[in-house]
Amino acid sequence: MFALYKKEVKSYFLSPFAYVVSALFLMVFSLFFINGISTMNSNVLKFSFSNIFYNNFFYFIFMIPLLTMRTFAEERKSHTETLWLSAPISLAKVVLAKYFAVVTVYLMMLLLTLFFPLVAYWHGSVVLTTMLCGYLGFFLWGMVCIAVGVMISALTDNPIIAAVLGEGAMILIIFLDNFTKSALIQSMPPVARVFEWFSTQRRFGVFSQGLFSLADLVFFLSLSAVVLSWTIIIIEKRRWSRG
Amino acid sequence: MVEIKNLTKYYGSHPAVLDISFTVADHEVLGFLGPNGAGKSTTMNMITGCLPSTSGTVLVDGYDITKNPMEVKRRIGYLPELPPVYPEMRVRDYLNFAAGLKQVPRRERKKQVEDAMERLRITDVQKRLIGNLSKGYRQRVGFAQALLGSPKFLILDEPTVGLDPTQVIEVRHLIQDLARDHTIIFSTHILAEVTAVCERVVIINKGQIRAVDTIANIEASVQGSLKLRLKVEGEITKVTETIRNTAGVQEIDEVEYDSVGVNSFTVKVESDDVRKPLMAALLAADCMVLEITTEKPSLEEAFVKLTSPTRKQTRDEVFEELGKKLEAEREAEETEKSAAESEAPEPESAPEAEPGAPEKPLPGKKKHKGGKR
């Protein structure tokens, strides 16, 4: 499993792909950072990272399908999946290895953004709890999105389609809250409640306020786990019906 | 030992492999023969566990692929039809990765990878990107991957496709070399390959087994149709007539244009004794026999016989059938018409489609078949 994980992480850096995506991500992040500082009100001498995270996520979430689109679709297209299908490794391990490889790349990008709190610390002070919880929330939210992206990649043999479908799914994830708040859904309380179960923005909000909520941590992790198990089922199912 | 038991695979309602069973003994090289789309790759995918079977199972060394896939996969090295290589990786890195995937212990990894590269002669390209390699090299990298983890069984799906003739011979030697300590099942539709390296063959067509036997036995089973090949100088119709009228000649299988006035005839005869009267008759008819050879039924013939359900129709037969059909259609049409407008004086003439397509002696198409009707 480790061999596959290592290969997957490496493959991101063998092409300029990971560099381009991280560069774009960092650019967006720094723009928000600068913007956040320049619009700071003189009587509110507080500057919150959660704001940056919030805004960033709206952009970053659309980069996640770009990271995940190739995971399974590409292998199916180039017929390389026979390599791990015929190797003594279980499908669950394959899915996990690929998933954690994307998570690792994502984590690397997040670590790069630590530059900004460092700069902020240099010239002022940083509320450590808010920042750490903000990072944790951002990371957990990303994990769910990556799991969804990986699952969508397993559905098709075309990475472009995987990316497009992934973007759709990301929109759904991020706007589920706003959608739930609409009058139509609110008029049907049972439906609204079901939607609320899956709302992620609210849970991220908890983290971004500098609070650590075990329930929300479990929510993010278990949601990722469920989506990954669907991925396993999807691949298994496809093996049965493959032509 | 690999035991394949009643293996069946349906894609939807279409059976790709239908109830096939055979066993492969240890240290055997088994050729898996069949035309394209016969179900070779599907079977191999099922043996290696890449594809689940609809019913039936595969036992490898007593381990069931459905119940104990890990043990089975540990014992099998698989080279699929398209080598599963990542174009963005370097050859050596790729093989290291494959070794890791096959759970080769870390300290043995280096040696195994180097051995495999040595065997496939890819040591000199180890630092190159797989995407930049030619198809032949890519195939060899895929082959090297199958050898990692020193599996007892090697399953090779068309290992020589896309290789140049020297490489094909190299691969054949490699298979013979590997047969010393591996059991090999390899599929192909190139018959020369099978004759060169296998003891036993399985012939499969449309998902069903046609024969499982040694090459010698299969060849012997189609014996009985002795064929003579004659190169005769003379007018084609006269020669054909003379050959047909000789006693002991069953039929003329094929007539092939050779050069001006010279044609090669493949003649099915009852026994070797027909040679003499045939020669005499031809000479008497003032035709020069330039060459005469006996054609032995080969594996090739057995293959054709076993994989084509009905006798091949010759072109004349096809035309004849077509002509008859058209004629029947026209007749039906005419009777209909005459029944409908019996008072109409002008009968429809001018047939648009002539019975039996006109055979023009095209310069590019010299090969034509003639059958005795």
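**Exercise 1. State how chain B is divided into domains, and how far apart the centres lie.**

Chain B splits into domain 1 (2–221) and domain 2 (226–296). The bounds come from an automatic or database domain assignment. Over C-alpha atoms, the two domain centres of chain B are 45 Å apart.

The model is predicted: local features need pLDDT of at least 70, side-chain atom pairs count only at pLDDT 80 or more, and totals for chains, interfaces and linings use all residues. Residues are numbered from 1 along each chain as its sequence is written, with chains lettered from A and ligands numbered from 1 in the order in which they are written.

**Exercise 2. Classify the packing of helix 2 and helix 7 of chain A.**

Step 1. Take helix 2 (residues 17–38) and helix 7 (residues 91–112) of chain A; their axes are 10 Å apart, at about 40 degrees. Helices are DSSP runs of H or I, at least four residues, and strands are E runs of at least two, numbered from the N terminus. Axes are lines fitted to C-alpha atoms, for helices over the stretch in contact; angles run from 0 to 180 degrees between N-to-C directions.

Step 2. Helix 2 of chain A is therefore oblique to helix 7 of chain A (under 35 degrees is roughly parallel, over 145 roughly antiparallel, 65 to 115 roughly perpendicular, the rest oblique).

**Exercise 3. Find the edge strands of the open sheet in chain B.**

Step 1. The order of the 4 strands is 2-1-4-5, with antiparallel pairing. Pairing requires at least two DSSP bridges.

Step 2. Strand 2 (14–24) and strand 5 (63–64) of chain B each have a single partner strand, so they are the edges.

Step 3. Check one pair: strand 1 (residues 2–11) and strand 2 of chain B share 7 bridges. B:Ile4 sits opposite B:Phe22 of strand 2.
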